Structures are given as structure tokens and as C-alpha cells.
Amino acid sequence: MEINFIFKIAAVGVIVAVLNTVLAKSGREDQAMMTALAGIIVVLMMIIPKISDLFSTVKSLFSL
């Protein structure tokens, strides 16, 4: 796995954490929760192709 990919995921996590904290402190807990959910969805959309590649590699490795 590329180190840049890990840094991108970490950057999304930091941005979401900061936004979540700012929104929660300003009394907008609903928007903070939606921001956290959006961050999770973005990271999942980044990870799903990598997991698909992993399964394809395992499938070809064992000739399934």
C-alpha cells in the first residue's frame, strides 16, 4: 500500500475531527454527526477499490 494513500486517509480524519469539534462546540451536534458520517463514507469510498484489488489478487493467487 502506498504511503500517500495512508496520508490521504489521515488528512481526511484530521479535517473531519477538526470540523466535528468546531461544530460540536458551537452547538451544532447534528451537523457534527453528519460531518463525521460523511468522512466515514469518503474513506470507505477510497478503501473499497483497494479491498477489491486485494480480493482479485488472492483469487488469482489461488487460481479460484
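Q: Which residues in helix 1 meet residues in helix 2?
A: Happy to walk through this one, starting with a reminder that the model is predicted. On the helix 2 side, the meeting residues include Glu29, Gln31, Ala32, Val43 and Lys50. Their partners in helix 1 are Phe5, Lys8, Ile9, Val12, Val16, Leu19, Asn20, Leu23 and Ala24.

Q: Which residues of helix 1 are buried?
A: Buried here means under 20% relative accessible area. The residues of helix 1 in that class pack against helix 2, which covers 29-61. They are Phe5, Val12, Val16 and Leu23.

Q: Is helix 1 roughly parallel or roughly antiparallel to helix 2?
A: The two helices pack with their axes 8 Å apart and at an angle of about 170°. Angles over 145 degrees count as roughly antiparallel. Helix 1 and helix 2 are therefore roughly antiparallel.

Q: What distance does helix 1 reach from its first C-alpha to its last?
A: Helix 1 takes in residues 3-25, which is 23 residues. At 1.5 Å a residue, 33 Å is expected, and the model comes close to that. The reach in the model is 33 Å.

Q: Which residue just after helix 1 takes a positive phi?
A: Helix 1 covers residues 3-25, and the residue in question follows just after the helix. Its phi is about 90°, and the residue is Gly27.

Q: The charged end of which residue sits over the ring of Phe5?
A: Phe5 is one of the buried residues of helix 1. The charged end above its ring lies 5.0 Å from the ring centre, and a charge has to be within 6 Å to count. That charged end belongs to Lys50.

Q: How many aromatic pairs does the structure hold?
A: To pair, ring centres have to lie within 6.5 Å. The count for this structure is 0.

Q: Which residues is Ala36 in contact with, leaving aside its neighbours within four places in sequence?
A: Ala36 has its place in helix 2. Contact here needs heavy atoms within 4.5 Å. The residues in contact with Ala36 are Val16 and Asn20.

Q: Is Met33 buried or exposed?
A: Met33 is found in helix 2. Its relative accessible area is 55%, and the class for values over 50% is exposed. So Met33 is exposed.

Terms used
Residues are numbered from 1 along each chain as its sequence is written. This is a predicted model: local features need pLDDT of at least 70, side-chain atom pairs count only at pLDDT 80 or more; totals for chains, interfaces and linings use all residues. Side-chain values use heavy atoms; hydrogens and water are left out. Rings of Phe, Tyr and Trp (its six-membered ring) pair if their centres lie within 6.5 Å; planes under 30 degrees apart count as stacked, over 60 as edge-to-face and the rest as tilted. A charge sits over a ring if NZ of Lys or CZ of Arg is within 6 Å of the ring centre and within 35 degrees of the ring normal. Helices (H or I, at least four residues) and strands (E, at least two) are DSSP runs, numbered from the N terminus. The expected span of a helix is 1.5 Å times one less than its number of residues. Buried means under 20% relative accessible area, exposed over 50%, partly exposed in between (1.4 Å probe, protein chains only). Axes are lines fitted to C-alpha atoms, for helices over the stretch in contact, and angles run from 0 to 180 degrees between N-to-C directions. Angles under 35 degrees count as roughly parallel, over 145 as roughly antiparallel, 65 to 115 as roughly perpendicular and the rest as oblique.
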